Amino acid sequence: MTASSSKSNETTLRNPLSVEHLLRVQSIYRELRHERQEIFGGLPFGTRWLRFRYLRAGTIRTLALAQFAPDTLAIHRDAFDWSKPLLLKGLLHHELLHFVLGPSMGHSKFFRTIESDWSQYVNYQEERRYFVRSVEEAARDEGRLWKYVCPNCHATYLRARPMKPESACSKCCKTLNSGVWSDSFTLITVGRPRTDNGEDESPTEN
Ligand SMILES: [Zn+2]
Ligand SMILES: [Zn+2]
């Protein structure tokens, strides 16, 4: 990205939501404001203070993110196609909480407590796990995951993030070396993502 394009980013919104998706997001915003008045009741009635966009295509690690000044909420494009609407609602719930608590709060214990106090939190987490798996499977099919193989048992390991160097096959270490790391079972990298276009929420991301 050139300096000029990053500068124009402040005024031009990349990947804005389609009108249909924006309407859905606005309606969820109103629902959440009503449902958790003690948390979101202080937010403006309408969503004009907030800009909405899609995450960059190909994002695996992040499902949504909150950016400040100008306040922008980015959402994974596939979340709109997901069969259960609770996924999208939970993602918005999480990001709106960032706007209420401010950028310095991160994913602190306090943040987690408020988030998990939500009545639909447990169901949302379950739905989120299914969604993450589906995003990762799609990425794997498109060759966007890290792939490792054990030199001993030939088991393969797929990861969205690179493993630490010297990572060893857990199965072989467990069964053949009393659970202790061994150089003989150090995994070999056999596949790297072609590109990593994804966006990361923050260093404190879960
Ligand atoms: Zn977050
Ligand atoms: Zn092995």
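This is a predicted model: local features need pLDDT of at least 70, side-chain atom pairs count only at pLDDT 80 or more; totals for chains, interfaces and linings use all residues.
Okay, the overview. The protein chain has 206 residues, and 21% of them are buried. You can count seven helices and six strands in the chain. If you walk from the N terminus, the elements come in the order α-α-α-β-β-β-α-α-α-β-β-α-β. And if you take the contacts with a separation of 6 or more, 55% of them join residues 24 or more positions apart.

Now back to His154. This residue sits in the loop between β4, residues 146–149, and β5, residues 156–159. Why mention that? Because most residues other than glycine have a negative phi.

There's another residue like that, Ala69. Its phi is near 45°, again positive in a residue other than glycine. Ala69 lies in the loop between β2 and β3. Ala69 is exposed, since 7 other C-beta atoms are within 10 Å of its own. And look at what follows in the chain: Ala69 and Pro70 are joined by a cis peptide bond, with omega at about 0°. Pro70 is placed in the loop between β2 and β3 as well.

While we're at Pro70, look across to Trp49. The two are 21 residues apart along the chain, and 8.8 Å separates their C-alpha atoms. Trp49 belongs to the loop between α3, residues 37–40, and β1. Would you guess buried or exposed for Trp49? It's exposed, because 10 other C-beta atoms lie within 10 Å. Leaving out neighbours within four places in sequence, the contacts of Trp49 are Pro44 and Asp71.

So much for the loops; let's go inside. The largest nonpolar core has 24 residues, and the members that touch the most others are Ala64, Ala74, Ile75, Ala79, Leu91 and Leu92. Which elements give two or more residues to this core? They are α2 (19–35), β1 (51–54), β2 (64–67), β3 (72–75), α4 and α6 (121–141). The largest share is from α4, with six residues.

Take Ala64 as an example. Not counting residues up to four places away in sequence, Ala64 touches Leu73, Ala74, Ile75, His76, Leu91, His94 and Glu95. There's also another core, apart from that one, with five residues, including Ala168, Cys169, Phe185 and Leu187.

Start with α2. The angle between α2 and α4 is about 65°, and their axes are 10 Å apart. That makes the two roughly perpendicular. The crossing of α2 and α4 is right-handed. On the α2 side you have Val25, Ile28, Tyr29 and Leu32, and on the α4 side Leu88, Lys89, Leu92, His93 and Leu96. Sorted by class, that contact has seven nonpolar residues, one polar and one charged.

Next, α6. It packs against α4 at about 105°, with the axes 9 Å apart. So α4 and α6 are roughly perpendicular to each other. Here Leu86, Leu87 and Gly90 of α4 meet Asn123, Tyr124, Glu127, Arg128 and Phe131 of α6. The classes for this contact are four nonpolar, two polar and two charged.

Last one, α5. Helix α4 covers residues 86–101 and α5 covers residues 109–116; they pack at about 130°, with their axes 11 Å apart. That angle makes α4 oblique to α5. This crossing is right-handed. The residues that meet are His94, Leu97 and Leu101 from α4, and Phe111, Ile114 and Glu115 from α5. Among those, four are nonpolar, one is polar and one is charged.

Notes:
Residues are numbered from 1 along each chain as its sequence is written. Chains are lettered from A and ligands numbered from 1 in the order in which they are written. Axes are lines fitted to C-alpha atoms, for helices over the stretch in contact, and angles run from 0 to 180 degrees between N-to-C directions. Helices (H or I, at least four residues) and strands (E, at least two) are DSSP runs, numbered from the N terminus. Angles under 35 degrees count as roughly parallel, over 145 as roughly antiparallel, 65 to 115 as roughly perpendicular and the rest as oblique. A crossing is left-handed if the near helix is turned anticlockwise from the far one by less than a right angle, and right-handed if clockwise. Two residues are in contact if their C-beta atoms, placed from the backbone, lie within 7 Å. Ala, Val, Leu, Ile, Met, Phe, Trp, Tyr, Cys and Pro count as nonpolar, Asp, Glu, Lys and Arg as charged, and the others, Gly among them, as polar. A nonpolar core is a set of buried Ala, Val, Leu, Ile, Met, Phe, Trp, Tyr and Cys residues joined through C-beta atoms within 7 Å. A residue is buried if 20 or more other C-beta atoms lie within 10 Å of its own, exposed if 12 or fewer, and partly exposed in between; C-beta atoms are placed from the backbone.
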